Amino acid sequence: MIKPTVDDIRNKNEPTDHFLCLLKDNIYALQFLEFTLSNPETKEVFFTFTNDEVSDSEVTINDSDVSENIRQVINEARKIHYTFPSSLLSSKMASSYLKFKVGPNPVKNLLLIEKHYFKGELLKSFEFTFPFCAPNSRNSWEFIYELPILSEDRKKDAIDCPEATTSDTFLFADGQLVIHNKAYYTYSP
């Protein structure tokens, strides 16, 4: 598998139909432990979750060491299905709080690129950087960013079409793609 570069992802204008890196590419044993999405102006919390921490060996899986069935189960876990309140569609700003763990190796130049789509059309791209993560550390990362302004028709369409809003999240460490996750969004009326 030829992994895309940062510029390849920056220039990508359509959702992916498969994962662009393997499980074993997560050589830093990065684990997401907490995530909260909220409106920084109104303090409304749209979504929050926590994950239990697992051992580094459970995160750094060599794709060729597990059966196809296990790979499919793990890849399904890389597809996240969110249900957000429809008020998110009218928000001007969002705050994403992320807590994550790093394995035994330091991580330099962590770059998160997230691309959001509606019915395959690129709505907005986001980029966030974290310059350095110490080995065996737990880190928190909050970014506040502007959301795209949607017409009333587009908001209604997003509510009426569950999972037509999608995103690809790419995590690069020192220029190498190490994690790729996909998300599908449903908005409650």
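Here is a quick tour of this structure, from the whole chain down to a single residue.

Keep in mind that this is a predicted model.

**The chain as a whole**

The protein chain holds four helices and nine strands. Walk along the sequence and they come in the pattern α-β-β-α-α-β-β-β-β-β-α-β-β. How does the radius of gyration of the protein chain fit with a compact globule? For 189 residues, such a globule would come out near 16 Å, and the protein chain has 17 Å, so the two agree.

Some overall values for the protein chain are gathered here.

| Property of the protein chain | Value |
|---|---|
| Box filled by the C-alpha atoms, along the principal axes | roughly 45 × 35 × 30 Å |
| Share of the 189 residues that count as buried | 44% |
| Accessible surface | about 10,100 Å² |
| Part of that surface belonging to carbon and sulfur atoms | 51% |

**The five-stranded sheet**

Now for the strands. Five of them form an open sheet in the order S3-S9-S8-S5-S6, and the pairing is mixed. At the edges sit strand S3 (79-85) and strand S6 (121-133), each of which pairs on one side only. On average, and ignoring direction, neighbouring strands of this sheet are turned by 20 degrees against each other.

Which strands does helix H4 lie across? Helix H4 (residues 152-160) lies across S6, S8, S9 and strand S5 (107-118), and its direction makes an angle of about 95 degrees with S5.

**A closer look at Phe 132**

To finish, let's zoom in on Phe 132, which lies in strand S6. Is Phe 132 buried, exposed or partly exposed? Its relative accessibility is 45%, so Phe 132 counts as partly exposed, since that class runs between the 20% and 50% cut-offs.

Phe 132 also has partners from elsewhere in the sequence. Setting aside neighbours within four places in sequence, Phe 132 is in contact with Pro 106, Val 107 and Lys 108. Take Lys 108: this residue and Phe 132 are 24 residues apart in sequence, yet 4.6 Å apart in space, C-alpha to C-alpha.

Methods
Residues numbered from 1 in each chain as written. Predicted model: local features only at pLDDT ≥ 70, side-chain atom pairs only at ≥ 80, totals over all residues. Heavy atoms only, no water. Pairing = 2+ DSSP bridges. Helix = DSSP H or I, 4+ residues; strand = E, 2+ residues; numbered from the N terminus. Axes fitted to C-alpha atoms, helices over the stretch in contact; angles between N-to-C directions. Contact = heavy atoms within 4.5 Å. Rg over C-alpha atoms; globule rule 2.2 N^0.38 Å. Buried < 20%, exposed > 50% of the residue type's maximum accessible area, 1.4 Å probe, protein only. Areas by Shrake-Rupley, 256 points an atom, 1.4 Å probe, with all protein chains shown as cover.
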